[in-house]
Amino acid sequence: MNDVRAADGRVVIVAVDHPLYSWPCAGLEDRAALIETVSSAGADAVIASYGTIRDLRPSFGVAAPILKLDLTTVTVGGSYPLTEYVAAWTVEDAQRIGAGAVLTFIQLGADFELEALRTAGRVAAAADRAGIPYVCEIMPVESARFPDPYAPVAIVAATRTGAELGAHLVKTSMPTPPEAVRDAVAFGIPVVLAGGDLSADPGALFGAVRTAVAVGAAGVAFGRNVWGADDPAAVVAELVSIVHGQEEVAHG
């Protein structure tokens with residue numbers, strides 16, 4: 001089975017699937033240009049929609065396309081409300097358009113969690129049959145069961161659930177504090193961390209990534225903190241230097 005991770009077992013992923021369910025996304029107006037930029041800057045993989053991968057496959061360059069298999073209702077204004085995601089594409093669709101992996105989204109604590117879990121299990125099995133990696137994006141949401149969705153126990157629960165479902169890679173939220181990732185990676189499955197909302201303090205965000213990678217995180221999957229930045233290529237280059245352990249070479 002192919003792996004979207006680099007040879008060192010780590011990965012820098014950029015997510016550009018946001019316009020599938022929300023608009024505007026300042027910085028993603030020109031899909032091809034952004035994908036080419038992050039690929040050239042060293043991104044290992046890019047999460048994108050079916051239409052983007054099908055129509056712009058050459059723009060990904062050496063970055064592996066990860067097809068998001070599910071979708072939700074569209075909002076205007078850049079908001080991301082708590083809504084149900086439903087499966088729309090298949091592993092076979094991913095193979096046909098040249099995707100390197102597939103992804104579905106689970107919101108732990110949501111009323112519709114169970115259906116998302118069942119979809120994930122079916123996708124994991126289908127991905128195994130096809131020999132393609134499955135990325136489980138699984139994040140606690142503020143709810144009665146997860147009053148603090150960034151608490152270490154919540155992130156560990158999400159990671160373990162992804163492992164039990166059969167994911168090959170888990171994408172989840174950055175816990176508070178970042179060093180709590182140590183417990184989330186204890187199950188042996190690679191864990192990558194989302195960037196969340198556009199940070200007002202990139203330095204602090206890079207510091208959190210540095211800490212998380214030092215205790216075992218396999219990398220990051222950033223969206224808004226890449227394409228929402230003034231210089232997406234510089235953000236990706238910095239993430240690559242942190243995740244792939246090149247900081248001493250890059251800055252020494």
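**Entry 1: the whole chain**

I began with burial: of the 252 residues of the protein chain, 54% count as buried. I note here that this is a predicted model. For secondary structure I found 10 helices and 12 strands. The radius of gyration is 17 Å, close to the 18 Å from the globule rule for 252 residues, so the chain is as compact as a globular protein of that length. Along the principal axes, the C-alpha atoms fill a box of roughly 50 × 40 × 40 Å.

I then looked at contacts with a separation of 6 or more, and 68% of them join residues 24 or more positions apart. The chain exposes about 10800 Å², and carbon and sulfur atoms supply 53% of that. I also checked the charges: the mean positions of the 16 positive and 29 negative ones are 7 Å apart.

**Entry 2: helix H4**

Next I turned to H4, residues 113-130. Its 18 residues should span 26 Å at 1.5 Å a residue, and I find its end C-alpha atoms 26 Å apart, which agrees. Which residues of H4 are buried? My list reads Glu113, Ala116, Leu117, Thr119, Ala120, Val123, Ala124, Ala126 and Ala127. I kept a reminder beside it: an α-helix has 3.6 residues a turn, so residues three or four places apart point the same way.

What covers the buried residues of H4 includes strands S7 (86-87), S8 (101-108) and S9 (134-140), along with helices H3 (91-96) and H5 (152-165). After H4 comes glycine 131, and I noted its positive phi, near 75°.

**Entry 3: helix H5**

H5 has 14 residues and reaches 20 Å from its first C-alpha to its last, close to the 20 Å expected at 1.5 Å a residue. I wrote down Ala154, Ile155, Val156, Ala158, Thr159 and Gly162 as buried in H5. These pack against S8, S9, S10, H6 and strand S11 (191-194). H5, too, is followed by a glycine with positive phi: glycine 166, near 110°.

**Entry 4: threonine 172**

I picked threonine 172 in strand S10, residues 169-172. Is threonine 172 buried or exposed? Its relative accessibility is 0%, so threonine 172 counts as buried. Leaving out residues up to four places away in sequence, I found that threonine 172 touches Ile138, Met139, Pro140, Ile155, Ala158, Thr159, Val191, Val192, Leu193 and Ala194. Ile155, Ala158 and Thr159 were already in my notes as buried residues of H5.

**Entry 5: alanine 43**

I found alanine 43 in the loop between H1 and strand S3 (45-48). At 3% relative accessibility, under the 20% cut-off, alanine 43 counts as buried. Again leaving out residues up to four places away, alanine 43 touches Val12, Val14, Val38, Ala63, Val236 and Val240. I also checked alanine 43 against alanine 6: they are 37 residues apart in sequence and 9.9 Å apart in space, C-alpha to C-alpha.

**Entry 6: cis peptide bonds**

Where did I find cis peptide bonds? One runs from tryptophan 23 to proline 24, with omega near 5°. Proline 24 sits in the loop between strand S2 (22-23) and helix H1 (31-40). Another runs from threonine 176 to proline 177, with omega near 0°. Proline 177 lies in the loop between S10 and helix H6 (181-184).

Note on methods:
Residues numbered from 1 in each chain as written. Predicted model: local features only at pLDDT ≥ 70, side-chain atom pairs only at ≥ 80, totals over all residues. Heavy atoms only, no water. Helix = DSSP H or I, 4+ residues; strand = E, 2+ residues; numbered from the N terminus. Rg over C-alpha atoms; globule rule 2.2 N^0.38 Å. Buried < 20%, exposed > 50% of the residue type's maximum accessible area, 1.4 Å probe, protein only. Contact = heavy atoms within 4.5 Å. Areas by Shrake-Rupley, 256 points an atom, 1.4 Å probe, with all protein chains shown as cover. Lys, Arg positive; Asp, Glu negative; His and termini not counted. Charge placed at Lys NZ, Arg CZ, Asp CG, Glu CD. Expected span 1.5 Å × (residues − 1).
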